Amino acid sequence: MKKIELRTEYMTLGQLLKLEDYVSSGGEAKAFLAEHENEIWVNGELENRRGKKLYNGTIVKIIDSEYEFV
């Protein structure tokens, strides 16, 4: 599990997708989320909103990778 340090109050799911090079823009994030709608989990729940806010303690699973916000 990769740990991601937040420097602000939260990060959006779209920002995480860009940070980890899944996509290069917000428009691509929307398409990526639609294409992988059953492969993205936030705290154990399926998620497809690029604007979903991720706070400290949040665990995100994208396809086969996991991220924890600290």
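Student: Which residues of helix H2 are buried?

Tutor: In this predicted model, Ala29, Phe32 and Leu33 are the buried residues of H2, a helix that spans residues 26-35.

Student: How do those buried residues sit around the axis of H2?

Tutor: Looking down the axis of H2, the buried residues fall within an arc of 95°, so they line one face of the helix. Gly27, Lys30, Ala34 and Glu35, on the other side of H2, are exposed.

Student: What do the buried residues of H2 pack against?

Tutor: Helix H1 (13-19), strand S3 (40-42) and strand S6.

Student: How many aromatic pairs does the structure hold?

Tutor: There are 2 aromatic pairs. One of them is formed by tyrosine 22 and phenylalanine 32, with 5.4 Å centre to centre and 45° between the planes, a tilted arrangement. This pair links distant parts of the chain: tyrosine 22 is in the loop between H1 and H2, phenylalanine 32 is in helix H2, and they are 10 residues apart.

Student: And phenylalanine 32, buried or exposed?

Tutor: Phenylalanine 32 is buried, at a relative accessible area of 11%. Tyrosine 22 has a relative accessibility of 23%, so it counts as partly exposed; the cut-off for buried is under 20%.

Student: Switching to the sheet. In what order do the strands come?

Tutor: The order is S1-S7-S6-S3-S4, in an open sheet of 5 strands with mixed pairing. S1 and S4 are the edge strands, each pairing on one side only.

Student: Parallel or antiparallel for S1 and S7?

Tutor: Parallel. Strand S1 (residues 2-4) pairs with strand S7 (residues 65-69) over 3 bridges. Lysine 2, for example, has tyrosine 67 in S7 as its bridge partner.

Student: How many bridges between S6 and S7?

Tutor: S6 and S7 are antiparallel, with 4 bridges. Isoleucine 62 is bridged to serine 65 in S7. The hairpin of S6 and S7 has 2 residues between the strands, and isoleucine 63 in that hairpin takes a positive phi near 55°.

Student: What joins S3 to S4?

Tutor: Those two strands run antiparallel and are joined by 2 bridges. Valine 42 has glutamate 45 in S4 as its bridge partner.

Student: On to the core. How many residues are in the largest nonpolar core?

Tutor: It has 17 residues, and those with the most contacts inside it are Leu13, Leu16, Leu17, Leu54, Val60, Ile62 and Phe69. At least two residues of this core come from each of H1, H2, S3, S6 and S7.

Student: Why would nonpolar side chains be buried together?

Tutor: As a general matter, nonpolar side chains in soluble globular proteins tend to be buried together.

Student: Take valine 60 from that list. Where does it lie, and what is it in contact with?

Tutor: Valine 60 lies in strand S6. Neighbours within four places in sequence aside, valine 60 is in contact with Leu13, Leu16, Trp41, Val42, Leu54, Ser65, Glu66, Tyr67 and Phe69.

Student: What is the relative accessible area of valine 60?

Tutor: 0%, so valine 60 counts as buried.

Student: How far apart are valine 60 and asparagine 48 in space?

Tutor: They are 12 Å apart, C-alpha to C-alpha, and 12 residues apart in sequence.

Student: What about polar residues? Is threonine 58 buried or exposed?

Tutor: Threonine 58 is buried, with a relative accessible area of 6%. The loop between strand S5 (53-54) and strand S6 (59-62) holds threonine 58.

Student: What does the side chain of threonine 58 reach?

Tutor: The backbone oxygen of tyrosine 55, at 2.8 Å. Beyond four places in sequence, threonine 58 is in contact with Val42, Asn43, Tyr67, Glu68 and Phe69.

Student: Which side chain makes a polar contact with the side chain of glutamate 47?

Tutor: The side chain of arginine 49, at 2.7 Å. Not counting residues up to four places away in sequence, glutamate 47 touches Leu13, Leu33, Ile40, Val42 and Lys52.

Terms used. Residues are numbered from 1 along each chain as its sequence is written. This is a predicted model: local features need pLDDT of at least 70, side-chain atom pairs count only at pLDDT 80 or more; totals for chains, interfaces and linings use all residues. Side-chain values use heavy atoms; hydrogens and water are left out. Buried means under 20% relative accessible area, exposed over 50%, partly exposed in between (1.4 Å probe, protein chains only). A polar contact is a pair of N or O atoms within 3.5 Å; within protein, one must be able to donate a hydrogen and the other to accept it, and residues adjacent in sequence count only if both atoms are side-chain atoms. Contact means heavy atoms within 4.5 Å. Two strands pair if DSSP finds at least two bridges between them. The arc is that of the directions from the helix axis to the C-beta atoms. Rings of Phe, Tyr and Trp (its six-membered ring) pair if their centres lie within 6.5 Å; planes under 30 degrees apart count as stacked, over 60 as edge-to-face and the rest as tilted. A nonpolar core is a set of buried Ala, Val, Leu, Ile, Met, Phe, Trp, Tyr and Cys residues joined through side-chain atoms within 4.5 Å.
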